[in-house]
Amino acid sequence: MNASNFVEGVDFSLYLILGISVFFLVGITVVMIYFLFRYRKKNNPVATNIPHNTYLEIIWTVIPTILVLIMFWYGWMGYKPMLTAPDDAMEIEAIGQMWKWSFKYPDGKTSDSLVIPINKPIKLKLISKDVLHALYIPAFRVKQDVVPGKDYMMWFTGQKLGTYDILCAEYCGQLHSYMLSTVSVVESNDFDKWLVSTPDTSSEHPGLTLLKKNACLSCHTRDGSKLVGPSFKNLLGKTEIVIKDGKEEEITVDREYIITKIKNPKSSVVDGYQAGLMTPYDGILSDEDINNIIEYIESLK
Amino acid sequence: MTESEISQPNYLQVKKGLFSWIFTLDHKRIGLLYLYSVGAFFLVGVALGVLMRLELLNPGRDIIEAQTYNQVFTLHGVIMIFLFIIPSIPAVFGNFFLPIMLGTDDVAFPKLNLMSWWLYVVGALFALSTLVFGDGPADTGWTFYAPYSVKTGTNVSLSVLAAFILGFSSILTGLNFIVTIHRLRAPGMGFNDMPLFSWALYATSWIQLLATPIIGITLLMIVAERILGIGLFDPSIGGDPILYQHLFWIYSHPAVYIMALPAMGIVSEIIPTFAQRTIFGYKAIAYSSMAIAFVGYFVWGHHMFTSGMSGPAAYIFSILTFFVAIPTSIKVFNWLATLYKGSINIQVPLLFAVGFIFNFLIGGLTGLVNGALAADVHLHDTYFVVGHFHYVMFGGTGFAFFGALHYWYPKMWGKMYNRTVANLAFAILFIGFNMLYFPMFILGIMGMPRRYYDYLPEFHTFNQISTYGSWILVTGLLLMVYNLIKGYFSKPVSEPNPWNGITLEWQTKSPPPLHNFDKAPELVKGGPYNYPNAING
């Protein structure tokens, strides 16, 4: 059984064209090398001028035309079913943001990796919070760009139990190659169990849960090392040089500063970091969420 | 040597000094100015490419950070596309040989020609200035896709302005060639008496003239959006990122034919010369260039099959893409038929032409895979595409460029390089090239996306092979460059036509006099591949 319902159509068009290509590549190369030796100066001192040959030219126009039409047809046949999802497909939101995938199920459960029941059509509603991404599952032979402001979808049916890579295939900035996740195809009763289970976050600070959920940790570390943005370690009380309206300014990081930066990251940028990359979280995180986050950051000393 | 030959100085001897070069109006000198500038940038681009391959030798960090890597592949793309391959063959060999092949003394607008080189220099300075000003060179990829290109803090504005200026250089070259071909052909030379390289340049020039303005305005829109905050492409301020992709590819797909058509023209010159016979299917080759240029305008959507496209748009773009394959395959069959019953003299320019056909076949055939909708969904934005376009651009156009350099070397300088070393350099280059890029097809089918700084462990082996290939390739390249430079300091060759060339440019002296011909050239009957030489008398 193939990993998804699209493997057959994609692979057929791929290997059909590759097969025809190898035939022509080998054939033309062999004939070319044969001519080079057969008609080299030593073997054939006087060239014969043949300006053209109508029959030959018709043949090598018509044959490629037929072949490319066949190639087109199987490409289209493999692609067409991808455009429309079946009505009974389960809808899941797939959210891409710099550099994290997350998945939201109809009953509200969210997860960093995709878990789907076997033999059930899945329709992913693709949402980007910032720039272009592309959700790519090589094993399933599916790929669709995730474009901010557009309601795109992709669909597939997992047909073989297992865990497969999800990659981002549209360049999205610094950590593009780390924007990875997985899709696990499981038995439907296992899926039902998974769906109602809640990951054990009781021992985890609610601020940390929020940082994980909102992809904050893709750019801000907890151990003091520099990534895309400043680290959370020892952040509160630190003095930083920030650039605000084109001017340098020395500030001390306090609650007020962090709240402003979460809600409106463009207000200023710490010297040595790139401006414009962070998503504004105004309206996404509540005041209580932000309080929790700050409380957690305070604990990182 | 006859007396008249002594009395006429060649174009290299006419004047000396730096100013006699950088302000020259002679199309041959402008061709050489372009050769030295695009050659230098090509080597810079190669160095960046080698750096990327080194970083990809192993998963994880090898030598540079992710951000640096992203800037390196962007700069590599910008330099190779805008500063090397688009100007390469037309601006170097087109400038040098088009007027000679047409039997005239210069292009239609020599001053405009000089200006287009100067615009190239200014554009190049803009591109390089991103290294020292602001927050470093752009990290967007050469495609500058919005909205990332609007959001990133790196020097996108300067980079796209560089491309904008370089676009004007390209437009002016195209305009100049079109007018030259229409107005300055030698008396009695019809369109169908022109060599096929001129036909290829003619088709290319129309693309340069008509398509380049679109990228110009599109890139200015990026700058306007970044500086003034006008919402054109960034949806967070009301723009549409898909609009950007359409505008970008409306130029950038035809631009692929700006890169490929002149290379096909070169091969159509080299093969008849070394087969010592007339080209097979002259009209088919000439008109297929025009057909490729025409159909090439309508296939840009095949870069966007996964960008969210309606079914009808997808199949129309797909089928039109397949139509490009037909005139292309006609050319390949004609080249093959030209070798049939020739009297073949195997020399290094012919090896490059044959290498071109082999590499270009792989590049073109893998393009068919990408043109098929279903296969493209899997392969789009993977290493398969990186392999595909390097086979077309480097294995194709790059090899044709080197072939042209070896072919016309004695004509341009009246010197000769060491032929044995040249053969060896070709062999190393050919092996290194295929070892570098072929594994990318396998990586792509396995599912490795492009523009990846780091990769999953299963992709390790083929990345290693590819990186080893890059070392072989560079060895061949350096040997080739060394051999060509060394040849420049060798003794002049005594014969004007060392290959027994059968085309018009071999009828004048090597190097040619300032006005190309001492007296008006006599056209022969039987087409442009029928001029007399030492063998056929």
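The model is predicted; local features need pLDDT of at least 70, side-chain atom pairs count only at pLDDT 80 or more, and totals for chains, interfaces and linings use all residues. Residues are numbered from 1 along each chain as its sequence is written, and chains are lettered from A in the order in which they are written.

The domain assignment of chain A gives domain 1 (7-81), domain 2 (90-196) and domain 3 (206-299). Such bounds come from an automatic or database assignment. The C-alpha centres of domains 2 and 3 of chain A lie 28 Å apart. In chain A, 10 residues of domain 2 are in contact with six residues of domain 3 (C-beta atoms, placed from the backbone, within 7 Å).

Strands are DSSP runs of E with at least two residues, numbered from the N terminus. Two strands pair if DSSP finds at least two bridges between them. An open sheet of five strands has the order β3-β2-β1-β5-β8 (chain A), with mixed pairing. Its edge strands are β3 (110-111) and β8 (152-157) of chain A. Strands β1 (residues 90-97) and β2 (residues 100-104) of chain A run antiparallel and share five bridges. Q97(A) has K100(A) in β2(A) as its bridge partner.

Five bridges also join β6 (residues 133-137) of chain A to β7(A), again antiparallel. Y136(A) stands opposite K143(A). Four residues separate the two strands of this hairpin, and R141(A) in the turn has a positive phi of about 60°. In β7 (residues 142-146) of chain A, five of five residues are buried (20 or more other C-beta atoms within 10 Å of the residue's own, all placed from the backbone). V142(A), Q144(A) and V146(A) point one way, K143(A) and D145(A) the other.

Definitions and conventions
Two residues are in contact if their C-beta atoms, placed from the backbone, lie within 7 Å. A residue is buried if 20 or more other C-beta atoms lie within 10 Å of its own, exposed if 12 or fewer, and partly exposed in between; C-beta atoms are placed from the backbone.
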